[in-house]
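These are my notebook entries on a single structure. I set down what I looked up, entry by entry.

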Amino acid sequence: KLSTKYNYPGVTFGAPIIKNKLFFFGDYQLTDTRIPVVQRSSVPTAGQATGDFSASGNKTIYDPSSYNAVTNTRTPFPSNKIPNASMSTIGENFALLYPAPNVPGATKNNYIQEPTEPNRIDQGDGRLDYRMTENDQIFGRYSQMGETQYNPFPLPGLAGGGGSSAGNNFNYRKGGALDYTHIFTPTTLNEFRAGFKL
């Protein structure tokens, strides 16, 4: 039975470094998910892999050597079967890369697999607060996040190909901020903040 799993462990920690002056705070969170997916693909049937396209649902296979440029016509292979003499060794070896169908009687979407798609996100923050005077305080913060996601290949082995979205995908971000606050009066203050994000 397919099931989705989510895990969100995390921890936070904060403490004064210098009493009433310097403080530290940090946190870390892990987001770990396991999501099942259903993938459908079309793979060669046993007959197709050997040049036999006589089964119902197959398109007509034409003899490429029979093309008539004048009439723009071609002749189908007899019984929709490619003779052994016309079979390509490259094509035969290519067909061997594919797994056997696991959906009986189908010529399209005849291979199903149900892999799990894992996704992991590690993220954390660190912050320092410094109280210089009763009216002046600063803080600095740094944040970082890394994500690793695996998109399963639709087919096993070399038949899975190298699609741009399949395999491991990485995403990395970091950022920070520096803040200075000055209190002029109980009703007036100025705050300056600069930050970056990558």
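How many bridges join strand β5 to β6, and do the two run parallel or antiparallel? I find three bridges between strand β5 (residues 62–68) and β6, and the strands run antiparallel. I take helices (H or I, at least four residues) and strands (E, at least two) as DSSP runs, numbered from the N terminus. Two strands pair if DSSP finds at least two bridges between them.

Note on the source: this is a predicted model, in which local features need pLDDT of at least 70, side-chain atom pairs count only at pLDDT 80 or more, and totals for chains, interfaces and linings use all residues. Residues are numbered from 1 along each chain as its sequence is written, and side-chain values use heavy atoms, with hydrogens and water left out.

**Entry 1**

**Entry 2. The nonpolar core**

Which residues make up the largest nonpolar core? I list five: F53, I61, F77, I82 and M87. A core here is a set of buried Ala, Val, Leu, Ile, Met, Phe, Trp, Tyr and Cys residues joined through side-chain atoms within 4.5 Å. Buried means under 20% relative accessible area, exposed over 50%, and partly exposed in between (1.4 Å probe, protein chains only). I checked I61 for contacts (heavy atoms within 4.5 Å). Leaving aside residues up to four places away in sequence, I61 touches F53, P76, F77, N80 and I82.

**Entry 3. Positive phi outside glycine**

I noted S79, which has a positive phi of about 60° although it is not a glycine. S79 lies in the loop between β6 (73–76) and α2 (89–95). With a relative accessible area of 57%, S79 is exposed. I noted N20 as well, a residue other than glycine with a positive phi of about 65°. The loop between β2 and β3 holds N20, and N20 is exposed at a relative accessible area of 54%.

**Entry 4. Aromatic pairs**

How many aromatic pairs does a search of the whole structure find? I record three. The rings of Y6 and Y8 have centres 6.3 Å apart and planes at 10°, so I class this pair as stacked. Rings of Phe, Tyr and Trp (its six-membered ring) pair if their centres lie within 6.5 Å; planes under 30 degrees apart count as stacked, over 60 as edge-to-face and the rest as tilted. Y6 is partly exposed at 48% relative accessibility, and Y8 is exposed at 52%.

For F13 and F24 the ring centres are 6.4 Å apart and the planes stand at 50°, so this pair is tilted. The pair links distant parts of the chain, with F13 in strand β2 (residues 10–18) and F24 in strand β3 (residues 22–36), eleven residues apart. F13 is exposed, its relative accessible area being 52%, while F24 is partly exposed at 35%.

**Entry 5. Salt bridges**

My search of the whole structure gave six salt bridges, each a side-chain nitrogen of Lys or Arg within 4 Å of a carboxyl oxygen of Asp or Glu. Among them is D32 with R34, whose closest N and O atoms are 2.7 Å apart. D32 is buried at a relative accessible area of 14%, and R34 is partly exposed at 34%.

D129 bridges to R127, with 2.8 Å between the closest N and O atoms. D129 is partly exposed at 23% relative accessibility, as is R127 at 30%. The charged end of R127 also sits over the ring of F139, 3.7 Å from its centre.

I then turned to D179, which forms a salt bridge with R193 at 2.9 Å between the closest N and O atoms. This pair links distant parts of the chain: D179 is in strand β10 (residues 167–185) and R193 in strand β11 (residues 188–197), 14 residues apart.

Conventions:
A charge sits over a ring if NZ of Lys or CZ of Arg is within 6 Å of the ring centre and within 35 degrees of the ring normal.
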